[in-house]
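Subject: Structure for you to take over

Hello,

I am passing this structure on to you. Please look it over first; my notes on what was found follow below.

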Amino acid sequence: MIQSTQFALREGEIHLGIGHPEESLLAKDVLRQAAAHRFAQEDAAFLQYGADFGDDFFRLELAKFLSNHYGFAVDASSLYITNGISQALDFVCRYLSQRGDTIFVEEPSYFLALHIFADYDLTIIPVTIDADGLITDNLETLIKKHKPKLLYTIPIHQNPSGVSLSEKRREKLVELAQTYDFLILADEVYHLLNYEGHAPKAMAAYIDSKQVISLGSFSKILAPGLRLGWLGADPSLLAKLALSGMVQSGGGLNPFSSGLVRSALELGLQDNHLSYVKDVYSQRLEAMYDALKPLNLKFHKPKGGYFFWLELPEGMDANLLLDAAIKQGVSFQPGPKFSSQEKLSHFIRLCFSYYDTDLLKEGVKRLHTAMNTM
Ligand SMILES: Cc1ncc(COP(=O)(O)O)c(C=O)c1O
C-alpha cells in the first residue's frame, strides 16, 4: 500500500483519534499565494543554507505576529526557528539535558512527547492535573525529592485533557523554577487556537526569567507538512542550540518553509487563515459537545484546541471499548497512551479537528452504540 500521510484509515472508519487538521484546512491557497510572492522576489536566500537561528527577516515578522496575538512584546532575538515542536523537544533533550536527568510531565500528557523523552533516557515523573492544569500545591515537595532538570507542560487546551493552566499557577511554576533551577518547557501549540473567553498570558511572557522555553508551531494554524515552528527563550539558551553540529553543517532549520511563511505573515494571509480555522474549529467543538451530552460521561468542555477527554463509566476499559468501537466503524485514542505510568485506562481522547460536524456527530453516535455493547 502506498502511504503519504502519517495515518492510514480503514475504509469507512471515522477515526476520532487523529489530532491533525482536516485536509480542507491545510491552507493550500494561502501557501500558493505566499509561494508566488516569495518566488517573485529577487532575493533567493530562502533557497540557500540558512542563518543559524533562522532567517532574521522571518524572525522579525514572526515576532510581530506573536506580539500582536500574545498581547505583549516578543523580541525577535529570543526566537529560534525549528522544524516544529517535535524537533524542538528533541533538540532541547539533546543539548540541554543529559541521559538519566529527571523530567516532570503532566499526567496525562502528549504521548509522542513522552516518546521523545524516552529516546533520551530521561527519568519521567508524573504530576497530577485538575481543571486549572498542573497542580502546583505539592510540587515543591516533589521537586525537592526528584530534583528535576526539566518540566514539560502543555499550558493551554492541553493534549489530551483540554484544560489550561491558570495564571496564578503559571506564576507559581516560574517562581519554583527560579528557586530550584529547572527549565520549564512550555508547549504552547494550542495557544492561538482559543475559541472562548481570554486565554491566560502565554508562558512566552516569562522567558526573561531564563527558566522558560516557549514552543510554538505552524502545524495547527497553517499546515503540519511545513515542519515549521519556533522556540522562544533567553538568547543565552538559544546559543547552545545553535552550536549543534547539525546546524553548523546544514545551516539554520527550514529556510524554505520560513521563506514561504514570511510572505504569508507579511501579506496578512496567516491572520486571515487563523480566524478562519478558529471559526471552523469552534463550530466543531460545539457539535461534538452537543453530540456527547446523551452519553452521560464526565468531561470538561474545552475552550480551544482540538480535544475532548472523557472519563468512562465505572468498570469500562478504554482498550476493550476501542475493540468494540472499531467494530462500529469508529476509533479514538485510549487513555493509557497518555500516561507515563500505564494508567488512565478509564479515559479516552476524542479529537474534533479532522472531520466536519456531520461526521463528528456520526462518529460519536457510533461510539455510543459501542458503549452500549459493553
Ligand atoms: C501538545 C502537542 N505538541 C506538539 C505537537 C506536534 O507539533 P509539531 O507538528 O510542531 O511538531 C502536537 C501535535 O499534535 C501536540 O498536540
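**Notes on the model**

Arg227 sits in the loop that runs between strand 8 and strand 9; helices (H or I, at least four residues) and strands (E, at least two) are DSSP runs, numbered from the N terminus. Phi of Arg227 is near 45°, which is a positive value in a residue other than glycine. Arg227 counts as partly exposed because it has 18 other C-beta atoms within 10 Å. Here a residue is buried if 20 or more other C-beta atoms lie within 10 Å of its own, exposed if 12 or fewer, and partly exposed in between, with C-beta atoms placed from the backbone.

Two points on conventions. Residues are numbered from 1 along each chain as its sequence is written. The model is predicted: local features need pLDDT of at least 70, side-chain atom pairs count only at pLDDT 80 or more, and totals for chains, interfaces and linings use all residues.

**Other backbone features**

Lys210 also has a positive phi, near 70°, in a residue other than glycine. Lys210 is in the loop between strand 7 (183-187) and strand 8 (212-217). With 16 other C-beta atoms within 10 Å, Lys210 is partly exposed.

There are cis peptide bonds to check as well. One joins Glu107 and Pro108, with omega about 5°. Pro108 is in the loop between strand 3 (102-107) and helix 4 (111-119). The bond from Asn159 to Pro160 is cis too, and its omega is near 15°. Pro160 lies in the loop between strand 6 (150-153) and helix 6 (167-180).

**Domains**

The protein chain is divided into domain 1 (14-27 + 271-372) and domain 2 (28-270); these bounds come from an automatic or database domain assignment. The C-alpha centres of the domains are 25 Å apart. The contact between them takes 32 residues from domain 1 and 34 residues from domain 2, where two residues are in contact if their C-beta atoms, placed from the backbone, lie within 7 Å. On the side of domain 1 that touches domain 2, the largest share, nine residues, comes from helix 10. By class, that side of domain 1 has 14 nonpolar, 13 polar and five charged residues. Ala, Val, Leu, Ile, Met, Phe, Trp, Tyr, Cys and Pro count as nonpolar, Asp, Glu, Lys and Arg as charged, and the others, Gly among them, as polar.

**Core**

The largest nonpolar core has 111 residues, and Ile184, Leu185, Ile213 and Leu350 have the most contacts inside it. Such a core is a set of buried Ala, Val, Leu, Ile, Met, Phe, Trp, Tyr and Cys residues joined through C-beta atoms within 7 Å. Helix 10 (residues 269-292) gives the most to this core, seven residues. The core draws at least three residues from each of domain 1 and domain 2. Apart from neighbours within four places in sequence, Leu350 is in contact with Leu16, Met288, Phe307, Phe308, Leu310 and Phe332.

An open sheet of four strands has the order 10-11-14-13, with antiparallel pairing; two strands pair if DSSP finds at least two bridges between them. Strand 10 (298-299) and strand 13 (333-334) are the edge strands, each pairing on one side only. Strand 13 is joined to strand 14 (residues 347-351) by two bridges, and Pro334 stands opposite Ile348 in strand 14.

Strand 2 (residues 79-82) is covered on both faces: Leu79 and Ile81 on one side and Tyr80 and Thr82 on the other are all buried. Strand 2 pairs with strand 9 (residues 229-232) in the antiparallel sense over four bridges. The bridge partner of Ile81 in strand 9 is Trp230.

**Ligand shell**

There are 13 residues around the ligand, and Gly84, Ile85, Ser86, Ser217 and Ser219 come nearest; a residue is near a molecule or strand if its C-beta atom, placed from the backbone, lies within 6 Å of it. The shell has five nonpolar, seven polar and one charged residues.

**One last residue**

Met371 lies in helix 12 (residues 357-372). Met371 counts as partly exposed because it has 18 C-beta neighbours inside 10 Å. Its C-alpha atom is separated by 8.7 Å from that of Met316, 55 residues apart along the chain. Leaving aside neighbours within four places in sequence, Met371 is in contact with Leu295 and Leu321.

Regards
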